[in-house]
Amino acid sequence: MNIDTSNLLNSILEELSSLSYVHPGDVPNIDLYMDQVTTFMDEQLASTKRYPDDKILTKTMINNYTKNNLLPPPVKKKYSREHLLLLVFIYYFKNILSIKDIETVLAPLTEKYFPDGNSFELADIYKEVCKIEKEQLDSIKENVTATYEKSAETFTHLADGEDKEILQQFAFICSLSFDVYIKKMIIERIIDDLSSKSSKNEEKKKGK
């Protein structure tokens, strides 16, 4: 692949290094109204937007999350710190999972740790997850770079030019997409197992 494509990849990888996320310490420890919640999320996750006009969260989205049991309802129209943490999880999950799957994943958290658990808070869970994700960035960058280099070895029988560049880029996109597909499939299998276990537990409770 040509120098322009290589420069683009390097630029994207640099963006990953500075990708912003909602730091645990930045989450307000006071209850917020809806407008304050959307403003906070927009400010904190602005760098994740694909286009400047994209909305991180809207009032309609948040109301739908509550309606679909992803998010507990606000108390007196105010959202707590725990609400915000759940919204961050939902924001990332919604790009790859269905609403039903997100509900299944978050149900144990909302049942056991919302507003907070006896010995473990939702904030503690968030901090632990953030730590793991931050540590993964370097390995992700290395994996993407290796995939790029492997894709650059495809279609070598073609002469340098537009056709070769287009096909190598296509191979790169396919390789990245396959990685996402496999991981998504693994996630869905785990969620199906969670759902099955949850159904069995409900049946046991009804049988008592």
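## Phe-89 and Phe-93 in helix H4

Phe-89 and Phe-93 sit four residues apart in helix H4 (residues 81-93), so about one helical turn separates them. Helices here are DSSP runs of H or I with at least four residues, strands are E runs of at least two, and both are numbered from the N terminus. This is a predicted model, where local features need pLDDT of at least 70, side-chain atom pairs count only at pLDDT 80 or more, and totals for chains, interfaces and linings use all residues. Residues are numbered from 1 along each chain as its sequence is written, and side-chain values use heavy atoms, with hydrogens and water left out.

Searching the whole structure turns up four aromatic pairs. The Phe-89 and Phe-93 rings have centres 6.4 Å apart and planes at 20 degrees, so this pair is stacked. For the cut-offs, rings of Phe, Tyr and Trp (its six-membered ring) pair when their centres lie within 6.5 Å; planes under 30 degrees apart are stacked, over 60 edge-to-face, and the rest tilted. Phe-89 is buried at 11% relative accessibility, while Phe-93 is partly exposed at 24%. Those words mean under 20% relative accessible area for buried, over 50% for exposed and in between for partly exposed (1.4 Å probe, protein chains only).

Also in the list are Tyr-91 and Tyr-92, with ring centres 5.3 Å apart and planes at 70 degrees, so they go edge-to-face. Tyr-91 is buried at 8%; Tyr-92 is partly exposed at 36%. Ring pairs also tie Phe-89, Phe-93 and Tyr-126 into a cluster.

Among the buried ones are Arg-81, Glu-82 and His-83, along with Leu-84 and Val-88. Their cover includes strand S1 (32-33), H2, H3, strand S2 (78-79), helix H5 (99-112) and H6, with contact meaning heavy atoms within 4.5 Å.

The length of H4 checks out too: at 1.5 Å a residue its 13 residues should span 18 Å, and the end C-alpha atoms are 19 Å apart, which agrees. The expected span is 1.5 Å times one less than the number of residues.

## H2 against H3

Helix H2 (residues 34-44) and helix H3 (residues 59-67) have axes that come within 10 Å and cross at roughly 110 degrees. That makes H2 roughly perpendicular to H3. Axes are lines fitted to C-alpha atoms, for helices over the stretch in contact, with angles from 0 to 180 degrees between N-to-C directions. Roughly perpendicular covers 65 to 115 degrees, with under 35 roughly parallel, over 145 roughly antiparallel and the rest oblique.

On the H2 side, Met-34, Asp-35, Val-37 and Thr-38 meet Lys-59, Ile-62 and Asn-63 in H3.

## Two spots on H6

Asp-138 is found in helix H6 (residues 122-151) and is exposed, at 51% relative accessible area. Asp-138 and Leu-16 are 122 residues apart in sequence, yet 9.3 Å apart in space, C-alpha to C-alpha. Thr-147, also in helix H6, is buried at 16%. Neighbours within four places in sequence aside, Thr-147 contacts Phe-172, Ser-175 and Leu-176.

## Positive phi in two loops

Lys-77 is not a glycine, but its phi is positive, near 65 degrees. Lys-77 sits in the loop between H3 and S2 and is exposed at 67%.

Phe-155 is another non-glycine with positive phi, about 55 degrees. Phe-155 lies in the loop between H6 and helix H7 (162-207) and is partly exposed at 30%.
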